[in-house]
Amino acid sequence: MYFANPMFFILVILIAFVVLLYFFRKQYKAVINSSNLLWYQAMNEWKASPWIQKLQHNLLFWLQIIALILLMMALVKPIWLSEGVKGGQLIWIVDTSATMSALNDDKPLIEQSKQQMKQLTDRLNDQEVTVIVAGTKPKILLNRESDINLIQKTIDGITVTYEHENIEKSVKLAESLVSNRATHIHIFSDSVKKDDLSDRIENASYEIHNAHGIQDNVALLSFGVAGKENRISGLVVIENQGEKSRTVPFVITSENQTVFQQKVTIPAGKRMVVNVPDLPQRRFYQALIKSGDKYSADDELTAVYSVLKPNVYALGEVNPFFIKGLETLGIKTVQMDQNSILGLKESGIILAEGIPVDVLPNMPAIYINKKQNSAELIELKEPIKGTDSSLMEYVDIDKTYIKYASTPITGNWENIVDSGNHPLIQTGSMNGQPVIILNFSLENTDWPLQPGFPIFLYNSYQWLSNQTGFLGYFQPGEEKWLQLEDHNTSMEIFNASGKSLSTLKLNKENFKAPYKPGIYQAVSEGQVYYFSVLLDDREKRPQSEASFILNGSKENKKDLALKPNDSMWFWLTCVVLLLLMVEWEVYRRGFRA
Amino acid sequence: MTSHLHSLLYRLTKLRLMTKTRRRGAHKGGRTANKFGTSLEFSDFRLYQPGDDVRQIDWNIYGRTQKHYIKRFLDEQEIAVTVFLDASASMQTIDTKWNRAKELAAIFSYIALSGEDRLSFIPVSSRPYGKVSRKGQVYGKKVFFDILQLPKHEAAGTFTENLHKNLLKNNQLSILITDGLEPLDSIESLFRIIAAAKQEVKFVQLLGKEEIEPNYSGDVKLIDSESRETVNVSINDSILGNYQKQVKEHNRKLESLCRRFGFSYLVTTDDADLQSFLFHECTAKRMLY
């Protein structure tokens, strides 16, 4: 003997419930009353509202009749058929590219796809569903899942990832999952063409659901800024992909300030290059077209102005060893005077010696704290010790001889090299710019003779130019191992409006760019880095294609598989149980026909 | 015996049971009758006819008219009064109620005896016990105290079931002392039987205080003292209100039933003042005078 539905042994809890009810039933205190005649009447009056009164006479009878009819209905086990989904195994490939964020009737196309998937889910008949997100690298979200709730939850969790869809690779992946059961591959996208599925396999049928939306798009194709002849100029390419000539306002903003705006008229199907001749110097610029079209992901582009190999500007009486050292490293060094440095438009690194610290221009700097007065010089007697900093890598500072050191400048600095209590090399930031301070002058040392000196100069140059903090351009969701000076720190990523998006431990996980295009800030150890997430160029040309079916049998799309529903008996039995409880209560209260 | 009781009994001797019926019993009593007899109440004169008692000739009239007239007086006769006391379990459950019921029965019996009426006192129960049948003022106090001493008695059945077994013939006045807590149908059929006996009926309904204002609380299982049936009640304000409404409704129906049969209807409770009931309500309702 075995039990066909041992699951229903859980109904034992019903018995436990009844026993509990029995234990907690009302305990009536027995009282001898002279006559219950009026109490009967009072109780009946209380229980019987007018419309129940009619039923009350034969209440038990009716309840039993209903219970019996329902039991009979449950036993005949009604089954009816509803529309199901074809195929023994279903593979859904979901396009989450940027174009799926385009609006159609105020809803993104991805919602349209999700809606279709949910409709399919409702009609599932114990079929296994595999969900693949067609990103740059296809990702399997669900593998042969038949739990409807889980499928629904997964569908709810799908969002636009702004990557370029890789339908071909996803279909390949899907085909590799095809088992010998009849497999139906559904592709939810916006622009899949028949040619994209040229080498399809025979034992699966394909159904492509292309969402419609984008008609007249104006796209910002590219945007760049460059410094040239002391001026910063920008170049923007705008394309009108619609069939009508459009005039769109074009704006460049930076740090919430509009720095350039112009109305641009673009003929249908044409590109236009907008030259922005003169821009104020900023870290980054945002180009924006207010096209008002349905696809807004391509209306915004960011460009970062950065000098990859900044010049070094020497200020004051800089020891010629520095200049020579830098020149051997191939770094251009320019001697400037105090006044001309203020008019400088390009960014660079300042190397200053013999000037007061508060006249340093607002740039990354190496500052040599040189004191003329011998009273402020301190003779060093204790050995020189360097910390394990990236500046001191391969420098071997402890072999250097330094006779006198200057008194340090007050401020919040980090000591890199010291001798006893005297800091020799310090780093920190001044007016938001990184600064390296040397508390001794080269005349008092033999350092330029050491091989560590040019290495230190190189390290300093790299460190200062890195502190300008541009991490680079990323694809949406791109992962990359980031090499920052201190690996044990965590990094927090903020979007342009200052909202914290995520925090990651750099020594444990890869840096992963956010999905939404735009400019972002990454903050690590008080340092601010910038990076930009760019839309894939292919995503700037949204297309619409019609839905179609491949390899499908000749049957009409409407002619779907039928799905039997036989859960009715369960609910009927539940109602019967409920009725039994009501009957019990009615009997207990003593209504009898 | 307290002086209080003495004064009560003294006041009671001055009361009489009022009847509207002119029917009288066979024996001499204290009530004027339609018949001619030997009381001091003058009735009329009538011409003498042979066979009449010569002693009744009014010689003063003969002196004036030279004709023989007989002077006639009204007779004074008794009536037969039966006091039925409901001795069913419902009356005995509450002590104060049972005591008050016995007091009322004793008082009415005492009044009947002191009015020279023939008294039958019958505790209505499944088995006969404690019946009293007396006439004459001399028995007044004895009967009064006998009734007060009436013991509690295991009784089966209801008042209406048992009463008709005890109905007497040649009875002019019946006093029913009961709580009337029975279905109106059975009370009505009892009334029909009593009314058929052509007698005057005074219906005294005695309710316990806790029957009008129950002092139960919480969940109680009420056990009927007579039928032993139970009803589970979770006492709350709405049920109490309902119950009191039912009591009022029941009493109202009982009163209209009495009026239909021409019975007097009096209602009292076990905590009401006995003297004011006797000397005010009973006289106002024309039961005593």
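Pairing here asks for at least two DSSP bridges between two strands, and helices (H or I, at least four residues) and strands (E, at least two) are DSSP runs numbered from the N terminus. Within that pairing, A:Lys29 sits opposite B:Val220.

Quick housekeeping: this is a predicted model, where local features need pLDDT of at least 70, side-chain atom pairs count only at pLDDT 80 or more, and totals for chains, interfaces and linings use all residues. Residues are numbered from 1 along each chain as its sequence is written, while chains are lettered from A and ligands numbered from 1 in the order written.

Now the contact, meaning C-beta atoms, placed from the backbone, within 7 Å. Chain A puts in 20 residues and chain B 31. On the chain A side, the largest share, 9 residues, comes from H2(A).

Next, helix H7 (residues 184–196) of chain B. Which of its residues are buried? They are B:Ile187, B:Leu190, B:Phe191 and B:Ile194. Buried means 20 or more other C-beta atoms within 10 Å of a residue's own, exposed means 12 or fewer, partly exposed is in between, and C-beta atoms are placed from the backbone. Looking down the axis of H7(B), the buried residues fall within an arc of 105°, so they line one face; that arc covers the directions from the helix axis to the C-beta atoms. Turned away from that side are exposed residues, including B:Asp185 and B:Arg192.

Note on methods. Two residues are in contact if their C-beta atoms, placed from the backbone, lie within 7 Å.
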